[in-house]
Amino acid sequence: MGRYVVRRLLQMIPVFIGTTLLIFLMVYALGDPVAALFGDKAPDPATAARIREDLHLDEPLWKQYLLYMGAIFRGDFGTAFNGQRVTELMATAFPVTLRLTLVAVVIEIVVGITLGVVSGLKRGRPLDTGLLVVTLVVISVPTFVSGYLLQFLLGVKWGWVSPSVSSDARLDELILPGVVLALVSLAYVTRLSRTSIAENTRADYVRTAIAKGLPRHRVITRHLLRNSLIPVVTFIGADVGALMGGAIVTERIFNIHGVGYQLYQGILRNNSPTVVGFVTILVIVFLVANLLVDLLYAVLDPRIRYA
Amino acid sequence: MTTLTKTEDKPAPTGPEAFLSVRDLRVAFSTEDGVVRAVDGLSFDIERGKTLGIVGESGSGKSVTNLTVLGLHNRKTTDIQGEIILDGQELTTASEKEMEKIRGNKAAMIFQDPLTALSPYYTVGRQLSEPFMKHRGASKKEAKDRAIEMLAKVGIPQPQTRFDDYPHQFSGGMRQRAMIAMSLMCDPELLIADEPTTALDVTVQAQILDLLRDLQQEFGSAIIFITHDLGVIANMADDLLVMYAGRAVERGSVREVLSEPKHPYTWGLLSSMPRLGGDTSEALVPIPGTPPSLLNPPTGCRFHPRCRFRDEVPGDLCSTERPLLADGRAAACHLTGEQKQSIFIDQIKPRLG
């Protein structure tokens, strides 16, 4: 197990370098950051040259990348063009997004798995068919549609919740955005656990469990659920990374100052240190989440043992 | 409590000694294609300490019958008629709660494929302990002791350490032993073995059969042994029931049925079985045709489309009238006793060698 973890951690290095290099190249290929800094005005050539030198923008691209990476490992993510340290932005943005992700994942697990299990056990019944249709609709509606719709209905028309989130981003304010963020994944979780349950209810070991005289609820919770939820766990684990990075639309709709918001601002203002820095952290989150899922797999399924 | 009243209501029809008595059992599943009559009017009895062998081709209804005894069929899509009386208790009308008390306790089942029948995610020991804790209210510790005792009894070496192993760490034969140990946890009085040796190689098969016989002697359980292997049946069973397309076609003691079979289907089964001392140049004689679809079974005798001897029966009796199976030593066939005798001696017996 230990050797496996070490091997996986080593494998992360090329993935990390590859992704960050790609992001770096793409962001720097977008345009001239110094010109963007000055907005509509033409920059004074002398000042522009000085800024370029300060930010190593006059160096070749590969050298810029190396310098940037070196700085990152010293904990220096550079300065956003508004003068704030990127690390400061992260310190305010990540906790907010983390809370939002947490709310979304909890909703996904509780609602998604419950609906999936019920649907799987009642396979072919009206409830099951209904849920299949509803989840299909949810999957096909883009987040910005469901987001604005729910915001308008619940926040504006009926006034049940505040339509936008305050800068504190308290947990109770994040419930509606959490629902919006979770919606598509929730539909996938429901479908995934439904199929898995429906498949396993006819498995031989479930029949054995019944033949042993175990009551129905024990058969379901002990034998059926445990075996059916492994693919669901994998999905949710991988989804945590996606939710953290993919909250751009949701955070925009509800004006949440999290990672998505900062990334959006960074892209809009051609603010490369912000974009590259945030994405770098997201890449790490992704890699770690995937590693944890793989390790969890071994815990859940004894047949998988990593050497 | 229900057990007592039921005993008074319905005494087993063929005498009080029958431990399990199945009377005119009919099982029908509704599927998308129509109603499948998997079992159609089946009756048999089994006493304590005896072994009943049930043979027949795949789809002849042997497994369905026994799943029904334990109530393991899908209740929503299955229609059951007739009676299943276990030790005086009617099972077809028993509630799910009552069935839970019987399953794994008074009546246990050994399944065919132990790899899929054991849950891959729990240790063998834990799966063995479950029924003991449920039925006897035993503590974890007591259940563990019992499980280790049973694992030792079925011949698993070092049961203390094997207790914590997962099924995938066991070999095929050991898994089947573990499966048997699990079914024996609560000293069941009825043991249903559904092709328990089909997935095993012959040496292991012989060990498992020995084991089952020893355990039967020790516990005095009644065993229903389902198989399509007549060699195994000859070794294991006291009585034999031959099934075809959801009906019993022949019954009797194993010796009687195998040495002097009376039904054309049984003749076919015996002729299509290879013999160790047989001549390799002599072809096996398979039964022509395929088993009928139970969606739309043949009328009259269900075997008549494949039967080579239907011409010997006057008229078209075979395709119009269902031959009845009498109690005791009997075969459900329209051929007369003398006809059967002469066909068997002239045509079948020489081929069996």
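1. At 2% relative accessibility, A:Asp128 counts as buried (buried is under 20% relative accessible area, exposed over 50%, partly exposed in between, with a 1.4 Å probe and protein chains only). A:Asp128 sits in helix α6 of chain A, residues 126–140. Helices here are DSSP runs of H or I with at least four residues, strands are E runs of at least two, and both are numbered from the N terminus. Leaving aside neighbours within four places in sequence, A:Asp128 is in contact with A:Ser119, A:Lys122, A:Arg123 and A:Arg194. Contact means heavy atoms within 4.5 Å.

2. A word on the basis. This is a predicted model, in which local features need pLDDT of at least 70, side-chain atom pairs count only at pLDDT 80 or more, and totals for chains, interfaces and linings use all residues. Residues are numbered from 1 along each chain as its sequence is written, chains are lettered from A and ligands numbered from 1 in the order in which they are written, and side-chain values use heavy atoms, with hydrogens and water left out.

3. Next, the interface. Chain B and chain A bury about 2300 Å² between them, 57% of it on carbon and sulfur atoms. Buried area is the accessible area (1.4 Å probe) that two parts lose on being put together, summed over both. In chain B, the residues that lose the most area to chain A are B:Tyr121, B:Tyr122 and B:Glu130; together they make up 30% of what that side buries. Chain B brings 24 residues to the contact and chain A brings 22 residues.

4. A salt bridge is a side-chain nitrogen of Lys or Arg within 4 Å of a carboxyl oxygen of Asp or Glu. B:Glu130 and A:Lys212 form a salt bridge through their side chains (2.8 Å, N to O).

5. On the side of chain B that touches chain A, the elements giving two or more residues are α4 (114–117), α5 (124–136) and α8 (172–183) of chain B. Of these, α5(B) gives the most, with six residues. By class, that side has 12 nonpolar, six polar and six charged residues. Ala, Val, Leu, Ile, Met, Phe, Trp, Tyr, Cys and Pro count as nonpolar, Asp, Glu, Lys and Arg as charged, and the others, Gly among them, as polar.

6. Look at α9 of chain A, residues 204–211. Its buried residues are A:Tyr205, A:Val206, A:Thr208, A:Ala209 and A:Ala211. They pack against α8 (175–200) and α10 (216–228) of chain A, together with α4 and α8 of chain B. Just after α9(A), A:Gly213 takes a positive phi of about 95°.

7. The UniProt annotation "domain: ABC transporter", from an unreviewed entry, covers residues 22–270 of chain B. Over residues 22–270, chain B is 40% helix and 27% strand, and the end C-alpha atoms are 26 Å apart.

8. Over all chains, the whole structure has 26 salt bridges. One of them joins the side chains of B:Arg48 and B:Glu189 (2.5 Å, N to O). This pair links distant parts of the chain, 141 residues apart: B:Arg48 is in the loop between β2 (34–47) and β3 (51–55), and B:Glu189 is in the loop between α8 and β7 of chain B. B:Arg48 is partly exposed, at 42% relative accessibility. B:Glu189 is partly exposed, at 27%.

9. B:Arg329 and B:Glu250 also meet in a salt bridge (3.0 Å, N to O). Here the partners are 79 residues apart, with B:Arg329 in the loop between α13 (317–320) and β11 (330–331) and B:Glu250 in strand β10 (residues 247–253) of chain B. B:Arg329 is partly exposed at 24% relative accessibility, whereas B:Glu250 is buried, with a relative accessible area of 0%.

10. Last, B:Thr197. This residue lies in the loop between β7 (190–194) and α9 (202–219) of chain B. B:Thr197 counts as buried because its relative accessibility is 4%. Not counting residues up to four places away in sequence, B:Thr197 touches B:Gln205, B:Ile208, B:Leu209 and B:Val232.

Key
UniProt positions are given in the numbering used here, feature names are shortened, and annotations may be inferred rather than shown by experiment.
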